[in-house]
Structures are given as structure tokens and as C-alpha cells.
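I opened my notebook to look through one model, piece by piece. These are the entries, in the order I made them.

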Amino acid sequence: MVRGTGVSFLRPGSLQAPFPTPGTESAMRDPRYDVLFEPVPIGPVTARNRFYQVPHCCGMGYRYPSSSAAMRGVKAEGGWAVVCTEEAEIHPSAEITPYLENRIWDDQDLPHLKALTEAVHAHGGLAGIELVHNGMHAPNHYSREVPMGPSHRPIDNGAPLQARAMDKTDIANFRRWHRKAAIRARDAGFDIVYVYAGHDMSLLQHFLSRRHNERTDEYGGSLENRVRLIREVLIDTKEAVGDRCGIAFRFAVDELLGDEGITAEGEGHDVVAMLAELPDLWDVNVSAWQNDSQTARFAEEGYQERYTRFVKALTSKPVVGVGRYTSPDAMVRVVKQGIMDMIGAARPSIADPFLPKKIEEGRIDDIRECIGCNICVIGDDISAPIRCTQNPTMGEEWRRGWHPEVIPAAKSRERVLIVGGGPAGLEAARACGARGLEVVLAEAGETWGGRALRESRLPGLSSWGRVKDWRLGQLHKLANVEMYLASALSADAILSYGIPHVALATGATWRRDGIGLTRHQALPGLDTVGAFTPDDFLGDGNGIDRLPSGPIVIYDDEGYVMGGVLAEMIAKRGHEVTLVTPLELVSYWTVHALDQPFIHKRLIESGVTIRLNTRLAACRESTAELACAFTDAPSQIDCAALVLVTSRLPNDEVTLDLMAREADWADAGVKSVKAIGDCHAPATIAAAVYAGHRYAREFGEIIDPDVTPFRREAIGVA
């Protein structure tokens, strides 16, 4: 038996049983990280260490409160000293339907908020709540209240509505609403209460902003006047609950707009200096949200330090900041350099809720590092429960009872053959192995990782390789898992092994016929032009070297990452590139991941010509025939080669062959065959990892297809 990542061939009759049981390892914390576990006072409360889960959305909010409470509770269990909610709207005039945030409008909201604080307190954490009035960001589609802000302005989320300018009565009402919400938060058990002026989504930031505030009274004009309402609300909140709760101020020190906005060198610095000692904690970041939560493709770990590092020098109060930190060495550095007192995290706490405990227990190699893909953000933007590429249990803590570090032992020690070493296969093997099953993992290629490896070689996506790296690291620790590379398996070979359970994770292949999101028939004329797909450029594919001289057309009828990243890569090799898409935006779906504007900007900077709302109708030798997506008006562009980024077909030949031979299973000793991941239905890497994990969780369970496979929240109960 060969275990590990070396090239071994899986041959009929080569498998031995039984396997040894998984070993256990013990470790101690590296003393270099001791500073991360020092307590930090925050007003009248004390955080037990420096790990701070800053407020972040989760697509659950008021609609799925049990799921939200369980998810936050698991983070406290994982060692986060402070665990905060997403934003909590303080009043019906502050709501942002269709997005599922939290609400603290009145006492009806307290029961589910108490459940959240109890879940956090049960594991020794402090619970924080981000109180928010969304001002000109609040369309109030549900409440139908008239939006309001410092001045008459259109609301900023695209609806044809305007916010009215607040008068003095409105300002007094807002202060009262905020104070009452703070008292309700205290009564619900929260230990830290936020005053929020960040992400260009809050009324307080709108008052602060010269772009939004054109008032001529004491709340407009000078910086001192524009800061006035923030100061008043901070004082109101401290007077209301400051004897029991720490008061945090979340502030965007730079809007990355240059002179048109707040800058760290200008008004951002001055605001911190003016309010330095007023809050009990400074939570500092950059604005707007797409800047604060940039994907790994466009921002490195710690990218916000250049903007926030000045804050600590201006206040004696603790400072927390974010930067997608996953390295404990980087965390120690920012503390020792005096950049921040607490390590803020949203996405790293999603990828690994037990990140602090793993550092504390000396298990650094067990950390599931965030890959910065923003799949988590997509959940919020589409009003669906949060999910994570690295952590398939995220969002499933309550409704499926999944824990990120605990998986129940299988009822019997059966053998499982997993065919395919990509994201789905690696996760299925890891999780099945953790359940104590005897696992054989066979990969046709000579490297592990499948698409996670191949796509990580594209510009800016190297962090995606962590999907492979973490799972291989965990598999190496499991003595009950055999791993074989260069082992392409046919249905005959699979049946010859007599392994009772077979999971097929053989991936998918990009289509070469042009059928995609909007085109449903094969593209005419493909045989007259050099046609490529992403598979020609991924992994060891040499497609980029085979591209002819002359104009290259990329047709993106998928709308996610691939079209844009290939256009960038090919253009940087010196080719003339035109990206054509029938959609209204480049890489349309990445709007939900917040990086679509960065992708479009990068393409312009790379010299890529962009044709939006344009269909590829046909190819004629060195010409691509186009049509307007609305009018069908024709046009043509030169095309030496065409790259089709349209859709994928599952590699399901072995699956179909095995299913067609179900009558042979019993004689071969096979009890079950299941396709998982892309070979079942091509989707994201996150979906593939989830499919592999779900296979392992459901192994040996009786699944009724007519029964909802997870618990549901009671909606609409008075």
C-alpha cells in the first residue's frame, strides 16, 4: 500500500484490507504566537484573546435566525474572542430588502437576538452587534418608509427613489432610535454595541461625506460640523449602555476616491484625531464594500494596512482591522508593529471558524486558509445563506447539523472507492476518511487537485490552490486512505475491485460547440477557424503557445471568472484581444462577488477591446460574425482564433457505463455508485467541495428523496 502524493498505479487485485485506524497527533502552541492570546479590555468588557470576528453579512439575518445563531456560536467555540452580527437595522426607515440583514426595530426582534448572544456566550465569547441606519442606502422596499439622508439625493442602489433631506426633528428621531436600539441590544445580551460609519452604506457616513452632505446648518460644511452627529450618537450610546457594553466605532478611514472622498492622509486622519478617546474600540477599514472585501485576485493579505496603520498612534483605545489574514506570523507582526491590537476577520473566520484554536493548539497546518474568492459574499448578495469554497459546513451548522471540525464516525467500517482527485474527490476522500471508512482515491492524472490546481495557475488565482493543499495535508494524516495517481479507471476496472461503494468525481470538460448560457445550438462555422476552450490553457495545456498571430476573440457566454482572466492572460502575452459577451457586463456574475469593476478595469488596462450585449452568431474563416443581443443588427470582426468560454459537459462516461451495468453490481460486490461534483452537474469549485462533503456525511444514511434534507426555519410565526 502506498499512501501520499507519490505516483502509484492502481491495478486490479492490488488493494489490501483492513486499513489501520487513523492516528492522533498532539502539539503545543508556538511561543511566538503567545501575544495573540493576551486579553484585551474593551470598555467594561474584556476579550479573552486578540481574535475578533468583525461584523459580516451571512445571507441569513432576520429570516434564518437559528442558522445565524448556530454559525456565530461555532465561531466562538473555535476561539474567536469577539463574534459580531451582520448589520442590524435600527428602524423601519433603515431597511434594505431584498438583502437579509438583522433587525432590531423593536422588542419582537429580541428573542432571536438573545439566542445568538447565548450561542456565543456558551463558548466564552463576547457578542457584538452592528447597529445601522442605512440612510441613502435604504430603499425601504418592505416598510415603504421614505428614505432619508443629510441632503436630497437619489438612493444609491439603483431604485428610482430619492432620499429626502433630514430636518432637526428627523435627526432627533434618529438619535432616539439608535439609543433605543442600543438598549435593546444590551437587554438581548450583547457585550459590544457598534456605532457604524463605514462602507458608504450608513447614515452617519453620509453625514460625514462631502459628496453626500451639502447642508449649511451645524451638521454640514466644516469637518467639525459633519462629524457632529457621529459624536452625538457615540455619546448617546455610551450614556445608554456604556456601563455594561463596550462601544465600538466602525469607520472607513479611506474611501479610495482621492480628493473626492475621505482619505487616510486627510479627513480620515482628522476624524480619528477628533474622536480618538470617545469609543472603547476602533474598528477601521476602507470604503466601499468592494474595496474592503477585495478578492485575492486584486488584493494581497494585509492590503488595508497602508490605510489604517496610522490609527493606533492617535488613540489609546484598542484598534481592530482586517486584511484577510490567515498567517499567524502576519498577525503577530501587525500586533508587535503597533498597527492594531486585535486581528479582525470576516472571510478567514468563515473559511476556518477554528482558526484561533488551531493556532493556540499548535496545529497551524490544519488551518483552512481563505482563498479570497468571495463565494461567501455572493450568498449575501443573492439573499441566500452563506457558503464557502474551503469550508463546506458554513451555513449548515443548524439546518444540517454539520460542524466544521466534528464528523460522526460511520456506522460500519466499509470500503469506498473515489474516482477523481479534484475538489469533490479530495473532499469526499478526506471526510470519508475522517469518518473511519476505508478509502481508496484514484486519480487519472499525475497530479492532485483537478480544476482547483489548473485554475490556480491563472493570473491572480494562485490562492485557489489552497483547496487542494489543505485537503492533501489532511489526507496525509489518515492511514485509512490509499491514494493513487496515474490511475484512469474504466467501469470494468471498477467492478473488478469489488469495493462496495463507488463515488465518481471525474470532473467536466469545456464545450467546444458554442452552446452556453444564451446560445442553445451549436455555433456554425467552427471548423473554419482555430477554436480553443479554457481547457487548452489550464494546467499543462499549451494553448497560449499555439495561438496564431492576429486578433483573438474570446466569447464569454458563461459570465463568471474564466472569460475575463483568459482575456487578461492572452493580452499580456502580446495578442490583440477582443472579449465578446451577450451579457450586459464583463464577467457578469462576479458583480455578486464584488470584483466585477476590478475585472473590467484590469481588462481595459491590459488593452482588451470589450463588446457587451453582443452575440457570436457564426464563424467564417478569419471572421467572427456578431449580432446585437437586442436588435440582431449584424457586425463583423477579424478573428485569427476563437476562445469559447461557454459551458461545460460532465465527464460522465464511466458513470453512465456503470449505471447501465447495474445488474452486474451484486456479483462484483458493489452496493452503491454515485456521481458527485462536476461530473454530476458542473458548477463552482465551492459546489464541488460541498458535493464531496455531503457524500461523506450522508454515507450509510437512508435518504428519502421526498423529504427536505435539512431543517427549515419557521417563517411568518407571530
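**Ground rules**

I noted that this is a predicted model, in which local features need pLDDT of at least 70, side-chain atom pairs count only at pLDDT 80 or more, and totals for chains, interfaces and linings use all residues. Residues are numbered from 1 along each chain as its sequence is written, and side-chain values use heavy atoms, with hydrogens and water left out.

I took helices (H or I, at least four residues) and strands (E, at least two) as DSSP runs, numbered from the N terminus.

**Entry 1: H1 and H2**

I started with helix H1 (residues 65-77) and helix H2 (residues 110-121). Their axes come within 7 Å and cross at roughly 20°. Axes here are lines fitted to C-alpha atoms, for helices over the stretch in contact, and angles run from 0 to 180 degrees between N-to-C directions. The angle makes H1 roughly parallel to H2. I wrote down the scale: under 35 degrees is roughly parallel, over 145 roughly antiparallel, 65 to 115 roughly perpendicular, and the rest oblique.

The crossing of H1 and H2 is right-handed.

Next I listed the contact (heavy atoms within 4.5 Å). H1 brings Pro65, Ser68, Ala69, Arg72, Gly73 and Ala76. H2 brings His112, Ala115, Leu116, Ala119 and Val120. By class, I find 7 nonpolar, 3 polar and 1 charged residues in the contact of H1 with H2. Ala, Val, Leu, Ile, Met, Phe, Trp, Tyr, Cys and Pro count as nonpolar, Asp, Glu, Lys and Arg as charged, and the others, Gly among them, as polar.

**Entry 2: H13 and two partners**

Which helices pack with H13 at about 30° and at about 25°? I looked up both.

At about 30° the partner of helix H13 (residues 423-434) is helix H22 (residues 685-698), and their axes are 7 Å apart. H13 and H22 are therefore roughly parallel to each other. Their crossing is right-handed. On the H13 side, the meeting residues include Ala424, Ala428 and Cys432. On the H22 side, they include Ile685, Val689 and Tyr695. The class count for H13 with H22 is 10 nonpolar, 2 polar and 2 charged residues.

At about 25° the partner of H13 is helix H15 (residues 466-475), with the axes 9 Å apart. H13 is thus roughly parallel to H15. The crossing of H13 and H15 is left-handed. Among the contact residues are Leu426 and Ala429 of H13, and Trp470, Leu472 and Leu475 of H15. By class, H13 with H15 has 7 nonpolar, 1 polar and 4 charged residues.

**Entry 3: an open sheet**

I then found 3 strands in an open sheet, in the order E24-E25-E26, with antiparallel pairing. Strands pair if DSSP finds at least two bridges between them. Strand E24 (614-620) and E26 are the edge strands, as each pairs on one side only. The twist averages 30° from one strand to the next.

How many bridges join E24 and E25? I count 6, in the antiparallel sense. Strand E25 (residues 623-628) is joined to strand E26 (residues 634-638) by 5 bridges. There, Ala627 has Pro634 of E26 as its bridge partner. The hairpin of E25 and E26 has 5 residues between the strands, and Asp632 takes a positive phi near 65°.

**Entry 4: salt bridges**

I searched the whole structure and got 58 salt bridges (a side-chain nitrogen of Lys or Arg within 4 Å of a carboxyl oxygen of Asp or Glu). In one, the side chains of Arg297 and Glu568 meet at 2.7 Å, N to O. Arg297 lies in the loop between helix H7 (289-292) and helix H8 (305-308), and Glu568 in helix H18 (residues 562-572), so the pair ties together parts 271 residues apart in sequence.

Most residues other than glycine have a negative phi, and most peptide bonds are trans. I looked for exceptions.

- The bond from Thr97 to Pro98 is cis, with omega near 20°. Pro98 sits in the loop between strand E4 (82-89) and strand E5 (102-103).
- Ser287 and Ala288 are also joined by a cis peptide bond, with omega about -5°. Ala288 is in the loop between strand E12 (281-286) and H7.
- His199 is not a glycine, yet has a positive phi of about 65°. I found His199 in the loop between strand E10 (192-197) and helix H4 (203-208).

Technical notes:
A crossing is left-handed if the near helix is turned anticlockwise from the far one by less than a right angle, and right-handed if clockwise.
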